[in-house]
Amino acid sequence: MGVRGLQGFVGSSCPHVCTVVSFRELAEQHRSKHPECPPTVVVDAMCCLRYWYTPESWVCGGQWKEYFAVLRDFVGMFTAAGIRLVFFFDGMVEKDKREAWVARRLKNNREAARVFRYIKAHGAQPGRSMFLIPPGLAVFTRCALKALGQETRCSLQEADYEVAAYGLRHNCLGILGEDTDYLIYDTCPYFSISELCLDSLSTIMLCREKLCESLDLHLADLPLLACLLGNDIVPEGVFETFRYKCLSSYTSIKENCDKKGNVILAVADHISKVLRLHQGEKKLEEMLPLGPNKALIYRGMESYLLPGQKSPWISQKARVITVDKQVSVSSDPESKQESPMCTDPESKQESPMSSDAESKQESPMCTDPESKQESPVSSDPESKQEVALCTDPESKQESPVSSDPESKQEAPVCTDPEPKQEDPMNMEPEIKQQVTVVSDAEILKIARARHVQAESYLVYNIMANGEIECSNTLEDALDQALPSQAFVYRPVRQRVYSLLLAEGQDGAGSCPPVQEWFVYSGNPLKHPDLVRPLPMNIPGGAPSLKLLWLDQEPGTQVRRMDALLACFDLSSSREDLQAVESPFQALCCLLIYLFVQVDTLCLEDLHAFIAQALCLQGKSAVQLVDLQLDHIDPRAVQLGSLLVRGLTMLLLVNSACGCPWRMSDFMPWNIFDGKLFHEKYLQSEKGYSVEALVEQNRSRVTRFHQLKAIVCKACLREDRRIVSRQLWQPHHSGRWGRQGSSSHRTSFRHSRSGPGPHWRAQGPGNRQHDPDPWRRYSSSGWSS
């Protein structure tokens with residue numbers, strides 16, 4: 001994340017770049033200068049997740065009620081100071097940055113393995129040094145902030161660019177985050193979230209002007225410096241030899257600097273004393289050993305140019321390099337499309353590990369710094385051709401390199417006393433120019449607007465790019481008894497693909513496969529999984545998206561609910577589910593799906609899930625903080641993560657179906673608490689009675705039996721009998737098999753002949769899946 005080595009260099013060698021500031025004082029100064037414009041801080045939310053997640057427990061699936069209280073306090077402190085907050089979340093992983101995203105995910109896999117080794121050895125949660133954010137944290141943070149009335153946005157490209165552009169355009173007080181790229185962008189001031197003291201609203205401001213003074217550079221030189229040092233677009237290894245040569249000839253080595261610090265000083269010295277000497281007389285490629293990386297470094301520098309800005313290091317001819325190699329758009333649904341990537345959300349939490357220079361040559365290049373998003377196109381993965389298709393979420397008129405030499409000097413002026421969010425619906429020309437999976441411009445415009453406003457989850461990514469992704473989940477790669485959430489919820493996603501993509505097609509079978517970048521054990525993430533849509537069984541046929549999303553007739557709500565239940569293939573349980581009040585209706589839907597899909601879930605697991613949801617209703621965040629666990633069970637850790645990922649699937653399905661359920665009905669702070677679930681799981685394993693599980697509350701006992709009966713009845717319809725673990729027998733190394741269970745059970749009345757593949761043996765990406773659901777994961781089918 002950010003520029004390699006710059007954070008440490010600033011902290012150790014340029015302390016004067018960092019200044020302690022008070023947001024309250026800055027806000028007062030802003031009001032005196034701009035009385036018509038409220039002081040606004042743009043928050044890079046992806047950088048803040050670790051700062052916000054302060055609950056002590058993190059392995060059990062998330063302490064969501066505690067977390068919601070933290071966010072409420074954070075917002076409340078700024079609101080009390082009269083400071084407006086605008087939160088940005090990553091909505092896309094750009095193709096240029098996919099390699100860094102993959103490296104982080106693989107690194108997190110190794111960290112997750114360490115966590116499980118620790119839990120098994122000590123029966124306890126590891127220390128904060130091994131902290132991994134709970135699954136779905138970024139997704140539900142967006143929902144929580146919207147519930148708190150905050151302006152929340154999901155980006156159409158890398159969020160840091162949109163954050164920097166918004167801050168510059170609206171004359172904001174500053175940017176709050178933790179990314180050294182904000183020292184490179186020529187935008188409003190940059191504040192550190194890690195140094196924020198919430199009580200005093202004070203933090204560290206990192207001044208790019210003082211950094212330039214220390215390095216004898218101009219602001220316009222910083223993008224070049226960033227690319228030569230290495231960032232998320234230009235791998236660190238590309239210019240390693242060049243940096244070594246700079247260091248070898250550098251005569252002002254500082255003893256108080258480490259090697260990386262002296263490298264930064266040496267490269268900056270070379271820019272100011274050598275490159276700038278010939279600037280204008282020679283092209284950059286004549287002064288630097290760019291070789292095959294010429295387009296890459298120009299693309300990297302352009303990624304820092306905000307609307308109306310230009311770089312003295314990029315000539316118009318150099319810009320042409322980044323667009324002169326285009327490939328045609330393929331209409332072949334079987335082709336291995338190289339599409340722009342969608343988000344996870346959790347990608348800014350670790351430093352990128354990538355250093356492979358070659359792999360970056362296949363990345364598409366975007367020449368419009370207003371948007372780093374590329375349109376989905378098909379290309380040969382082996383070719384080195386580059387694709388230049390992008391959209392512009394901020395301004396459709398401005399070119400990436402301004403012809404106005406004065407344009408960079410003009411500070412944006414806030415003329416609106418209440419800066420309003422741009423209308424994401426007003427993007428018709430842009431969408432028409434973009435190559436998308438869905439051709440209906442009106443529906444795509446609505447999907448895009450809801451994406452930008454953080455009112456949906458993954459829907460726009462599927463419709464515009466034919467691609468989605470999901471980050472790490474705390475799963476034990478050595479536990480063969482529980483499948484990865486990537487496979488458990490795949491049939492749900494396949495039906496959503498059919499709902500979103502089959503309109504105007506000859507059924508789901510004619511839809512192109514969707515590219516899934518999902519993290520699971522054994523997947524090296526070299527290619528996406530190509531997953532075909534799955535036909536849906538909806539009473540009366542599949543409704544159109546215009547009906548689901550736009551129709552306000554009373555009867556349409558019934559169609560929306562039909563579509564939602566069909567995505568989980570639970571249409572037969574409609575009447576039973578309707579008898580359940582909120583928020584337990586959504587929970588029952590998810591539990592039925594889970595227990596039909598995964599045969600190794602037992603009666604004790606069901607008791608724990610239901611009991612914790614019922615008991616959560618009467619507990620405050622403070623009570624949950626005080627809850628102490630005897631020990632940590634690795635299986636319960638996985639189950640907690642599996643359920644939370646299911647809640648994100650509910651969010652996807654609800655978004656796709658026109659929101660038949662209120663968002664609050666399946667927000668985790670209303671129906672799930674990791675530590676409370678863990679307590680109920682341990683109690684259930686010990687054989688506690690229902691009365692004890694629900695803490696001797698009579699009304700809860702009644703509701704417990706009602707919810708349990710609905711889940712068990714629905715499972716029986718699918719020939720799935722939920723039994724106690726005590727009725728099971730050990731099967732192989734710690735795995736469990738139900739007595740009398742068939743060797744290969746299939747679910748949801750759609751099966752192919754012969755047994756499905758072992759779920760752990762599903763090879764890595766670059767494959768195409770048959771248009772049928774994954775079989776139910778029966779324990780006796782996992783022995784190989």
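Buried means under 20% relative accessible area. This is a predicted model. Its salt bridges come to 33, and its disulfides to 0. The points below cover charged pairs, cysteines and helix packing.

- Asp605 and Arg635 meet through their side chains in a salt bridge, at 2.8 Å from N to O.
- Asp605 belongs to helix α25 (residues 603–616) and Arg635 to helix α27 (residues 634–656), so this pair ties together parts that are 30 residues apart in sequence.
- Arg635 has 14% relative accessibility, so it counts as buried.
- Asp605 is buried too, at 0% relative accessibility.

**Salt bridge at Lys680**

- Lys680 and Glu695 also form a side-chain salt bridge, with N and O 3.0 Å apart.
- This pair links distant parts of the chain, 15 residues apart.
- Lys680 sits in helix α29 (residues 674–685). Glu695 sits in the loop between α30 (690–693) and α31 (698–717).

- Arg31 pairs with Glu28 in a salt bridge, and their closest N and O atoms are 2.7 Å apart.
- Both residues lie in helix α2 (residues 23–33). They are 3 residues apart, about one turn of the helix.
- Arg31 is partly exposed, with 25% relative accessible area.
- As background, side chains of opposite charge can pair when their charged atoms come close.

**Cysteines**

- The disulfide count is 0.
- For Cys188, the closest cysteine sulfur is that of Cys172. The two sulfurs are 5.5 Å apart, too far for a bond. A disulfide needs the sulfur atoms within 2.5 Å.
- Cys188 is buried, at 8% relative accessible area.
- Cys60 is buried as well, at 1% relative accessibility.

- Helix α11 spans residues 240–249. Its buried residues are Phe242, Arg243, Cys246 and Leu247.
- Seen down the axis of α11, these buried residues fall within an arc of 140°, so they line one face of the helix.
- The other side of α11 carries exposed residues: Glu240, Thr241, Tyr244, Lys245, Ser248 and Ser249.
- The cover over the buried residues of α11 includes α10 (222–229) and α12 (259–275).

**Where α3 meets α4**

- Helix α3 covers residues 45–52, and helix α4 covers residues 64–80.
- Their axes come within 11 Å and cross at roughly 115°.
- The crossing of α3 past α4 is right-handed.
- From α3, the contact is made by Leu49, Tyr51 and Trp52. From α4, it is made by Tyr67, Val70, Leu71 and Phe74.

Key: Residues are numbered from 1 along each chain as its sequence is written. This is a predicted model: local features need pLDDT of at least 70, side-chain atom pairs count only at pLDDT 80 or more; totals for chains, interfaces and linings use all residues. Side-chain values use heavy atoms; hydrogens and water are left out. Buried means under 20% relative accessible area, exposed over 50%, partly exposed in between (1.4 Å probe, protein chains only). Helices (H or I, at least four residues) and strands (E, at least two) are DSSP runs, numbered from the N terminus. The arc is that of the directions from the helix axis to the C-beta atoms. Contact means heavy atoms within 4.5 Å. A salt bridge is a side-chain nitrogen of Lys or Arg within 4 Å of a carboxyl oxygen of Asp or Glu. Axes are lines fitted to C-alpha atoms, for helices over the stretch in contact, and angles run from 0 to 180 degrees between N-to-C directions. A crossing is left-handed if the near helix is turned anticlockwise from the far one by less than a right angle, and right-handed if clockwise.
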